[in-house]
Amino acid sequence: MAKGEGAESGSAAGLLPTGILQAGERPAQVKEPKKKKQLSICNKLCYAVGGAPYQVTGCALGFFLQIYLLDVAQVNPFPASIILFVGRAWDAFTDPLVGFCISKSSWTRLGRLMPWIIFSTPLAIITYFLIWFVPDFPQGQELWYLLFYCLFETLVTCFHVPYSALTMFISTEQSERDSATAYRMTVEVLGTVLGTAIQGQIVGQANAPCLQYLNGSAVASESANRTYSITSLRETQNAYLLAAGVIASIYVICAVILTLGVREQREPYETQQAEPMSFFRGLRQVMSHGPYIKLIAGFLFTSLAFMLVEGNFALFCTYTLGFRNEFQNLLLAIMLSATFTIPIWQWFLTRFGKKTAVYVGISSAVPFLILVALMESNLIVTYVVAIAAGISVAAAFLLPWSMLPDVIDDFHLKQPHAHGTEPIFFSFYVFFTKFASGVSLGISTLSLDFAGYKTRGCSQPASVKFTLKMLVTMAPIVLILLGLLLFKLYPIDEEKRRQNKKALQALRDEASSSGYSDTDSTELASIL
């Protein structure tokens with residue numbers, strides 16, 4: 001879900017609200033307040049639509065790339081684990097790198113962020129399509145998938161990082177930015193549902209015939225003898241290409257709507273700002289902030305738990321539970337459940353506090369994971385568990401982005417002169433979660449290799465089924481419990497958050513009365 005939330009890693013120039021000038025450098029006079037320019041609903045919708053490409057493509061890759069590599073492209077489990085790990089690790093590395101490059105970009109007629117979005121889009125859809133293409137040459141397939149996977153992740157980062165930073169430049173009014181962000185989160189959640197539905201339903205209609213393994217060699221099963229051929233396998237590959245084409249079309253449409261419907265606004269005082277803090281100095285200050293380290297450590301374990309479930313769910317349903325033709329519908333049930341329960345969690349954290357929402361929301365997945373581990377294969381019970389799991393997924397989706405601004409507020413109270421550090425907070429949170437995702441996919445696929453996974457087998461050895469059950473149930477449970485224990489160390493509760501809010505408001509009022517604002521960068525954290 002959510003990726004590339006930090007874009008301006010080295011520059012605060014375009015983010016502060018007023019030029020910081022000495023009192024003697026301008027006349028002391030009371031200016032008439034400017035009339036606030038509000039964004040139209042159309043502007044907000046156009047901005048929100050820009051969040052869909054990342055979620056649609058990310059959801060398709062997260063749920064289906066592993067089973068595609070193993071059963072359709074027929075890549076061996078060990079090189080498949082390398083592809084998945086390196087691709088995600090590279091994706092994690094590109095976020096702060098692209099953010100740093102964007103912060104050094106110059107303004108153009110199209111703006112500073114829009115050129116990145118416009119020029120990365122056509123290359124991104126080409127590389128995305130080639131990820132789902134099976135080349136004719138048998139040698140070097142692993143290099144093909146690794147190359148285009150890494151290229152796509154780089155290009156989608158070049159789209160999503162500036163898009164995330166665009167929040168700061170669609171309006172100068174905090175309330176308008178907050179409203180646009182709410183529209184965006186709604187569309188992004190719908191994007192996850194759309195990605196799951198398109199990929200799952202198209203691919204689910206074309207299942208390649210499986211193979212029975214006898215004495216270590218693969219032979220076509222009796223039913224497959226009538227249907228299995230090069231043509232039938234090609235039909236399955238074409239189904240993945242069709243799904244990729246539909247998703248690529250959505251990517252282009254959303255990018256066009258965003259480009260035409262949103263105008264990037266440059267602050268007129270930007271060139272008057274003081275020299276911003278260097279990237280590496282800001283990084284040192286951010287990484288020494290205790291609440292931030294504790295927050296990302298807790299969410300690192302809980303995110304890793306849900307990523308293990310996401311990456312192995314299709315294989316688990318296919319081989320352990322035996323629902324080869326139902327896994328795409330189960331995925332859709334999870335995502336629809338998550339979509340409808342996000343407003344409930346938003347109300348819950350407002351009513352009972354964010355730490356309470358973390359404990360209740362994320363721990364609610366544990367009983368259902370235990371049930372999956374202990375029960376026999378039962379489709380109705382599996383659908384019930386999938387819907388319940390979606391409730392916990394919604395909490396895991398919402399809470400990190402709700403709690404990070406509180407950490408940044410606390411940081412700015414302790415480091416009031418540290419400007420332009422907000423993107424570092426977000427980009428490095430994304431960096432760690434993506435790196436954890438790569439580790440989870442690499443280790444899980446490697447574990448299947450050690451367990452004796454049979455490519456495109458009608459069934460798998462008992463060791464593979466047991467490994468899948470551990471990866472989807474017991475390992476996530478342990479990681480969730482470790483994450484919740486770390487959250488006990490997180491110091492910002494509701495009382496602390498209220499105190500910080502009052503202190504920040506007092507600083508803003510004082511800065512406003514003295515003629516300049518030195519703390520408005522904190523507003524950026526709240527908006528993000």
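**Figure 1. Salt bridge between R498 and E495 in helix α17 of the predicted model.** R498 pairs with E495 through a salt bridge in which the closest N and O atoms are 3.2 Å apart. The structure shown is a predicted model. Both residues belong to helix α17 (residues 494-513), where they stand 3 residues apart, about one turn of the helix. An α-helix has 3.6 residues a turn, so residues three or four places apart point the same way. R498 has a relative accessibility of 47% and therefore counts as partly exposed. E495, with a relative accessible area of 41%, is likewise partly exposed.

**Figure 2. Salt bridge between R184 and E188 in helix α6.** The side chains of R184 and E188 form a salt bridge with an N to O distance of 2.9 Å. Helix α6 covers residues 174-204, and because R184 and E188 are 4 residues apart within this helix, about one helical turn separates them. R184 and E188 are both buried.

**Figure 3. Salt bridge between K354 and D406.** The closest N and O atoms of K354 and D406 are 2.8 Å apart, and the two residues form a salt bridge. K354 is located in helix α12 (residues 354-363) and D406 in helix α14 (residues 379-414), so this pair ties together parts that are 52 residues apart in sequence. K354 counts as buried because its relative accessibility is 8%, under the 20% cut-off. D406 is also buried, its relative accessible area being 7%.

**Figure 4. Salt-bridge network of D410, K414 and K496.** Salt bridges link D410, K414 and K496 in a network. Side chains of opposite charge can pair when their charged atoms come close. In total, the structure holds 6 salt bridges.

**Figure 5. Helix α5 (residues 141-165).** Helix α5 comprises 25 residues, and the span from its first C-alpha to its last is 36 Å, close to the 36 Å expected at 1.5 Å a residue. The helix is mostly covered, with 19 of its 25 residues buried.

**Figure 6. The protein as the setting for the close-up views.** The protein contains 18 helices and 2 strands. Of its 528 residues, 58% are buried. Among contacts with a separation of 6 or more, 85% are between residues 24 or more positions apart. The protein exposes about 22,500 Å², of which carbon and sulfur atoms supply 64%.

Conventions
Residues numbered from 1 in each chain as written. Predicted model: local features only at pLDDT ≥ 70, side-chain atom pairs only at ≥ 80, totals over all residues. Heavy atoms only, no water. Salt bridge = Lys/Arg side-chain N within 4 Å of Asp/Glu carboxyl O. Buried < 20%, exposed > 50% of the residue type's maximum accessible area, 1.4 Å probe, protein only. Expected span 1.5 Å × (residues − 1). Contact = heavy atoms within 4.5 Å. Areas by Shrake-Rupley, 256 points an atom, 1.4 Å probe, with all protein chains shown as cover.
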